[in-house]
Amino acid sequence: MNTQLMNENNSHVSRRNFLKGSAAVTTVGSLAGCVLLEGDFGTEEIDGIPDEPFRIVQLLFESGPPAFYGEEARNASEMLVEQINDDGGLIGEREIEVVDRLDEDAGPDSLISDVQAMAQEGEVDMIMGIVSSAHSLAVAPAADDQQLPFLVTMPGTYQLFEENPEMDHVVRTAGTNAAGAVGAVRMVEQMDDVETVITVDPDYAWGHDHQEMFTAGLDAVGADVEVVESRYPELGETDYSAHVSAIADESPDLLFSSLWGGDISTFVSQGVAGGLFEAVDEALLIGDTGAPLLDSLGADMPENVWLGGRGGYQPNYRYDEDEAHREFVDEYYERYDQLPGWGAYHEWMGFEALQEGVERAVQIIGDWPTGEQLMASMNNIAFEAPHGQHTMHGPQAVAPAVFGRPTDDHDLPVDHPLLGEFEFIEAAEVNPPEGVLTMDWVDEIEPMTG
Amino acid sequence: MPIESLMVNTFNGLYFAALLFFASVGLTLVFGILNLLNMAHAAFYGLGAYVAVWTLNNMGDITTSTVVLLAVLVLVIPLVVFVLSAVLDKTVFAPLYEIEPVYQLLATFGVILMLDDVIKFIWGASPITVDGAVDPSRQLGTLDLLGISVSAYRSVVILIAIACAVGLYLMFVKTKLGKISQAMSEDYEMVQMLGINVNRVRIMIFSISVAIAALGGALFVPFATATPAVTLEYVLLSFAVIVIGGLGSLKGVVVAALVIGMVRSFGIAYYPALELAIVFGLMAVVIIFKPEGLFGDEGVVE
Amino acid sequence: MSTRLPTFGDVKAGEIKGVLLDKRLLAGSALFVFLALYPALTMNAYHTRLLAWIMCFAIAALGFNIVLGYTGLLSFGHAAFFGAGMYTVVIAMERAGITDLVVLLVLAMIVAGVVGAIIGALSVKTHEIYFALLTLALAQLLFVLATRDVGGLTRGTDGIGLTRPDFLGLPVSEVPAQFYLMGFYYHVILVCLTATILLLWVVLRSPFGLTLKMIRENETRAEMSGVPILRYRLYSMILSAMIVGLGGALYAVVVGHITPEYLDWTMSGEIVFMALLGGIGTFLGPVVGAGGFILLQELALSVTTYWHFTMGLVLFVVVLTLREKGIWGGAKELLERLDERRDNS
């Protein structure tokens, strides 16, 4: 009954979106036609580019436990804004200015009220960022109500657009947590001899969502795997030894975890001390894990783990092949003396989408886009990312899943391990098709093809 | 349950109890003897953790000797914090002794907020860990204890906690400072009238208490990560300990730390779903059935 | 240790009181009219929202102060009542399909009152720090239930979004978001705040309020004169919880998205902070404190990343210098002193 209702709701929504989309195409098409007739195509002679810079306000954790994630994002944005402005700005014409940063730690009340103030004063062209999924769920609808463009760059909750399908001032350039969780299912499909799994996820929505999707996905693909125990340590836990010893006692074949940030680093280092990684055959750590974790654990990093998740955000992933990625990593390392983590990559994707979107909008309408036009033009685009094309389905990015194993065999100038033996899982295998609700899809995913 | 896991969980519980003891014993002493309810007490546990990470990571160039590193954690850091807290007692905390417990609680909550940002200002907001080369918990490795393999470093921490508890007990029953303190906990004004310099005793007790919290933070950090969240977590935990044990009782702190440590360790191992509720549930149950805590009616060392 | 909590100035002789009351009534009515017209006069949606936010917490802080200022008990668990009010609204709308604001508010107050009765029944026997920590622990257990999504009602930490309720059969929810707040909902909050102030004014001067005051000032004496202390404390908890629940319920619609954060002890801490900042020994202090706290936090956030430090310093200084007077009591005292000086010269 409930599902049916949801589906009806959904088809209704997609029909509306479709209509809206076709209307937009028609308008844009006719506008483009006029522009072409006038022979004004190209970016050089566009009037209407505002004189003042494109003003962005970032929403990030600047205090509290997730602040390190915010710090990576802030670093990356400082670097990227400088680079973009060195080339003249967006489409080479309009510089970007980050006019303010709001601390997410102030809570949703404050964020929403600031959104209102910004919308009203009209001195901000776009807001950008957000780490916390819960904050994104609270702030995005408020920004949309106020018609303040909001580029969501980091949180992973699959509910953002599923709960608010009609937002037209919001886009998200980060893949949803489905990519990580279902990516992990795909990894398990390829493993031999995995019969028992223990999941360890932080005790809030991120952790529970991952556990649910992972478990449901395993079930759907018919893997002969049993999740024997699910553990939810408190967010910000400092002593995991009780969890570690209990898992070691069970010695499951596989350990799955979406712990992230300081939590995963504490968990793994205490796990190493407690002999956890001798007791399990394999571990899949998917909580946006990468360079910072490898840095903090150094030589202690166990070898029988896969790290990764939604997106190829590992500094040495396709480092040699992809020039843009190489430049991003090198420049970041030179500036901040550390390799970029997920917060930095997510922010990078956001700026890529922004540049691409502005260019597309200007090409079509021959004028600087309004906020709504700008956000619309970021829908359904694709741009280069370390993992190849980063594609937007409507306002939502679909990311592939990338996993790798720790190895000391790498060329980057750091003395801690990085990842190698990369496994790439296409976006289509780890994301629902457009218009399908994530949980409905996860319940029915097919075994991986090929 | 197999005997090994019983022992491992007991060990984990003991270790956690040791940390809780460090974080909360000073809180109960300062309250019991000086009548100051210092909510910011466990913030010094967090401060100790940050100072320790920073110190250890900067020692890498000088020495990586385990003995020296341990000496820094156990002696140097508490000593530095001891001096710092003597200064704080004369300045920030001095006016607090005169006001109601309710206001003490709120004013010291203000101190927590300030200390939070001081830590952020100095060390940033990212979690920081001790480098492998100067991490005594990695250097010491594991040892076999009655057939189970446990972390040697954590065993040392448990022993230091025991030594600290015994040391405090001896201080109260043997030394002059201890005897005066006990008398103060019973009748502050009487001691004052005897012509004893209560301010000096106050500074000593306050600084020793805070230094023990910092010692706990310093010992905690090689096996964990220093994050801004540590402060608030231990503020709550330390209040749970002293309320369950009974305000102002040394014995209460030891027993309550053991109870929470064990219940949490076994609870997480066998009923992981309860984790978030364990400490608060325990605290609620004890206050409801024994409103003064387990040993609340007794003096400091009875 | 004894609690020497605030003492309220003695009520002055009837004659003077009448004049004063008139003056206050006049000033209050003027303020009410001004606030009611504010959105229409300025058309400033941000200010309207900020005022709505402040007024919701003013209601909560007033409710909280029944327990701290009038009964002398420091509760660190009032987030439970605030959150209960919020969750009642969103769950009743989503699960039971109730969309009428009046029904929702009444329901929220009842649920918060029940939670208050339960937490109160368990905790009124204790006092001082034990009371503070027991209320904290019990409220925190509620936080755990919400975080854990027990019963599938709260959807865990991601929280639940909220649609706009209707009013007495009028489909006001269909007007645009901006107008809903500025033209309708803001005024509902203003009326609720006014009603709360009037209600508390009457209640706290009734025999019931005077009994609470007697308990706070001298527990032993109250007991000897036959006052059932525990029962009165429980009543005060229930009344307090209902009013805080009303504040939460009203706020749920303003914020539009409800997460377990509103049940966390840091939320209780904020309510305590507000009441204290304004002055727990004054009648209107909590209202001033809610405004002061929210404006101060917004200001600190906009000028510094070290806003924790700023807030901590303010709390520390206010507690040490003004105590139960708070900024409201402090300001009144200052004015009186200026008055005296003027009269003298």
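This is a predicted model: local features need pLDDT of at least 70, side-chain atom pairs count only at pLDDT 80 or more; totals for chains, interfaces and linings use all residues.
**Notebook: sheet, helices and chain contacts**

I began with chain A and found seven strands in an open sheet of mixed pairing, in the order β7-β6-β8-β9-β10-β14-β15.

I next looked up how β15(A) is joined to its neighbour. Strand β14 (residues 401-407) of chain A pairs with β15(A) in the antiparallel sense, over six bridges. Within this region I located T407(A) opposite L418(A) of β15(A).

The loop between β14 and β15 of chain A holds H416(A). Is H416(A) buried or exposed? I count H416(A) as buried, because it has 21 C-beta neighbours inside 10 Å, and the cut-off for burial is 20 or more. Setting aside neighbours within four places in sequence, I found H416(A) in contact with L294(A), D295(A) and G298(A). I also took the C-alpha to C-alpha distance from H416(A) to M79(A): the two are 24 Å apart in space and 337 residues apart in sequence.

**Entry: helix α2 of chain B**

I then turned to α2 (residues 43-59) of chain B, a helix of 17 residues. From first C-alpha to last, α2(B) reaches 24 Å, close to the 24 Å expected at 1.5 Å a residue. Why do I call α2(B) largely enclosed by the rest of the structure? Twelve of its 17 residues are buried, and I therefore regard the helix as largely enclosed. The buried set includes the run A43(B), F44(B), Y45(B), G46(B), L47(B) and G48(B), and L56(B) is also one of its members. I traced the packing of these buried residues to α1 (3-34), α3 (66-90), α4, α9 (198-220) and α10 of chain B.

**Entry: where chain B touches chain C**

I found 30 residues of chain B in contact with 32 residues of chain C. On the chain B side, α4 (101-123), α10 (229-245) and α12 (275-289) each supply at least two residues. The largest share of that side comes from α4(B), with 14 residues. By class, I recorded 24 nonpolar, three polar and three charged residues on the side of chain B that touches chain C.

**Entry: chain C as a whole**

In chain C I noted 13 helices and two strands. The radius of gyration of chain C is 20 Å, close to the 20 Å given by the globule rule for 345 residues, so I regard the chain as being as compact as a globular protein of that length. Along the principal axes, the C-alpha atoms of chain C fill a box of roughly 60 × 50 × 45 Å. I found that 52% of the 345 residues of chain C count as buried. Of the contacts in chain C with a separation of 6 or more, 77% join residues 24 or more positions apart.

**Entry: helix α11 of chain C and the contact with chain A**

Helix α11 (residues 285-303) of chain C has 19 residues, which should span 27 Å at 1.5 Å a residue; I noted 26 Å between its end C-alpha atoms, which agrees. Among the buried residues of α11(C) I list G285(C), P286(C), F293(C), Q297(C) and L301(C). What do the buried residues of α11(C) pack against? In chain C the partners are α2 (45-70), α10 (265-278), α12 (307-321) and α13 (326-344), together with β2 (96-103) and α3 (108-121) of chain A.

For the contact between these two chains, I recorded 23 residues from chain C and 27 residues from chain A. On the chain C side, α2 and α11 each supply at least two residues, and α2(C) gives the most, with five residues. That side divides into seven nonpolar, twelve polar and four charged residues.

**Entry: positive phi values**

I looked up L146(B), which has a phi near 50 degrees, a positive value in a residue other than glycine. L146(B) lies in the loop between β1 (142-145) and β2 (148-151) of chain B, and it is exposed, with 9 other C-beta atoms within 10 Å.

For L168(C) I noted a phi near 45 degrees, positive in a residue other than glycine. L168(C) is in the loop between β1 (160-161) and α6 (177-205) of chain C. With 9 C-beta neighbours inside 10 Å, L168(C) counts as exposed.

Terms used
Residues are numbered from 1 along each chain as its sequence is written. Chains are lettered from A and ligands numbered from 1 in the order in which they are written. Two residues are in contact if their C-beta atoms, placed from the backbone, lie within 7 Å. Helices (H or I, at least four residues) and strands (E, at least two) are DSSP runs, numbered from the N terminus. Ala, Val, Leu, Ile, Met, Phe, Trp, Tyr, Cys and Pro count as nonpolar, Asp, Glu, Lys and Arg as charged, and the others, Gly among them, as polar. The expected span of a helix is 1.5 Å times one less than its number of residues. Two strands pair if DSSP finds at least two bridges between them. The radius of gyration is taken over C-alpha atoms; the globule rule is 2.2 Å times the number of residues to the power 0.38.
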